[in-house]
Amino acid sequence: MQLPDAVRRSIQSRAEAVGFASLARATLLLSDAYRDHRPQDLAPIPAEHRIAAYLVTRMPATYAAAFHVLGEVRRRLGDRLPASVLDVGAGTGAASLAARAHFPDARLTMLERDAGFARAAEEWLPKAARLTGDLARMKELPPHDLVIAAYSIGEMDPAQLWRLWDTTRIALVLIEPGTPRAFTALAAMRTALLQRGAQMVAPCPASGPCPIESPDWCHFAARVERTSLHRRLKAADLNYEDEKFSYIAVARHAVELPQARIIRRPEHNPGRIQITQCTGTGIETRQVTRRDPVAFRKARHAGWGDEGVE
Ligand SMILES: C[S@@+](CC[C@H](N)C(=O)[O-])C[C@H]1O[C@@H](n2cnc3c(N)ncnc32)[C@H](O)[C@@H]1O
């Protein structure tokens, strides 16, 4: 998974304009700030350095996560495709780009308080509408069919969740880092939304209480190709990384849910594939063998995050 070519080329030029040493420093501060949940720590870094560091080291991964999630949302929504998308905390536009890929006819609106991020996003999404400012200070939020908050709801006051839901006409999608902390927060939001009448879309195969118990947590992974600059900045050998993310998608109307969801990377052994899946009421680990050719064929092609195997 990679960002669209034109976006990658533009990111490369921005990074070159900043220079490697400044970019490396900003990258270090950026990962410390996100790890410690202190985005405000980024304020002293020059905006262009901070933005370039985000574009090179984070945006490809957040795009990959949003691309995965919105693909699943599109499958579940069936014919009920959104005609308008609101990307809340849009940053540099990763989720909007993913939304454009899956819902090419939808009108996009990016809501972002950081003017530098918003300007970068405008470069590759010139036709998208922009709401620049802090959501908490915006009196009105226009209704949209699909509302997405990718890697941003964790930075917001929890009360903003209800504003996002109230503005949703078809579906609301919340994506967060795939950490136990973010999953716990998302699980609580899932419960609260379902109590308010929201219908489950993904990843859960049912609307009952989540069967996952601490210290386990529900998360998925999207493989992202690293550019050579990204590898140098992270002093990494591998030319890819696995972005871990957790998410929930809920809708105003009921959608068809899968029987189960694969919640670990399937383990392939000779003649046997081990699948760990959430059935909605519990977590089951299945050994799928050639003795069940239909299930085996499905399991061979199944990935982490896909529909489960019956
Ligand atoms: C980690 S970045 C994620 C950006 C983008 N969604 C992505 O997936 O790459 C979080 C973004 O949310 C924005 N944000 C957080 N709280 C906000 C608020 N109350 N109003 C507007 N934007 C907000 C931040 O400025 C930041 O750009």
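Salt bridges first. A search of the whole structure, which is a predicted model, turns up 18 of them. I will show two.

Start at helix 1, residues 5-18. Arg8 pairs with Asp5 in a salt bridge, and their closest N and O atoms are 2.5 Å apart. Why do these two sit about one helical turn from each other? Because they are three residues apart in helix 1.

The second one is between the side chains of Arg261 and Glu72, with N to O at 2.9 Å. To place that pair, I need the domains. The chain splits into domain 1, residues 5-251, and domain 2, residues 260-301. Domain 1 puts 17 residues into the contact, and domain 2 puts in twelve. Taken over C-alpha atoms, the centres of domain 1 and domain 2 are 30 Å apart.

Now the interface between them. The size of an interface is often given as the accessible area lost when the parts come together. Here, the area buried between domain 1 and domain 2 is about 930 Å². Carbon and sulfur atoms account for 54% of that area.

How many salt bridges cross the interface of domain 1 and domain 2? The rule finds three. For polar contact across the interface of domain 1 and domain 2, the rule finds four residue pairs, both residues being at pLDDT 80 or more.

Which elements give two or more residues to the side of domain 1 that touches domain 2? They are helix 4 (59-77), strand 7 (220-225) and strand 8 (240-251). Strand 7 gives the most, with three residues. Sorted by class, this side of domain 1 has eleven nonpolar residues, five charged and one polar.

For Gly89, a polar backbone atom is 2.8 Å from a ligand nitrogen. For Leu135, a backbone N or O atom lies 2.9 Å from a ligand nitrogen. For Arg113, the side chain is involved: one of its N or O atoms is 3.4 Å from a nitrogen atom of the ligand.

Last, some backbone geometry. Most residues other than glycine have a negative phi, and most peptide bonds are trans. There are some exceptions to look at.

Where is Pro203? Pro203 is in the loop between strand 6 (199-202) and strand 7. The peptide bond joining Ala202 and Pro203 is cis, with omega about 0 degrees. Pro215 is also found in the loop between strand 6 and strand 7. A cis peptide bond joins Ser214 and Pro215, and there omega is about 10 degrees.

On phi, the residue to look at is Tyr151. What is the phi of Tyr151? The value is near 55 degrees, which is positive, in a residue other than glycine. Tyr151 sits in the loop between strand 4 (144-150) and helix 7 (160-166).

Notes:
Residues are numbered from 1 along each chain as its sequence is written. This is a predicted model: local features need pLDDT of at least 70, side-chain atom pairs count only at pLDDT 80 or more; totals for chains, interfaces and linings use all residues. Side-chain values use heavy atoms; hydrogens and water are left out. Domain bounds come from an automatic or database domain assignment. Contact means heavy atoms within 4.5 Å. Buried area is the accessible area (1.4 Å probe) that two parts lose on being put together, summed over both. A salt bridge is a side-chain nitrogen of Lys or Arg within 4 Å of a carboxyl oxygen of Asp or Glu. A polar contact is a pair of N or O atoms within 3.5 Å; within protein, one must be able to donate a hydrogen and the other to accept it, and residues adjacent in sequence count only if both atoms are side-chain atoms. Helices (H or I, at least four residues) and strands (E, at least two) are DSSP runs, numbered from the N terminus. Ala, Val, Leu, Ile, Met, Phe, Trp, Tyr, Cys and Pro count as nonpolar, Asp, Glu, Lys and Arg as charged, and the others, Gly among them, as polar.
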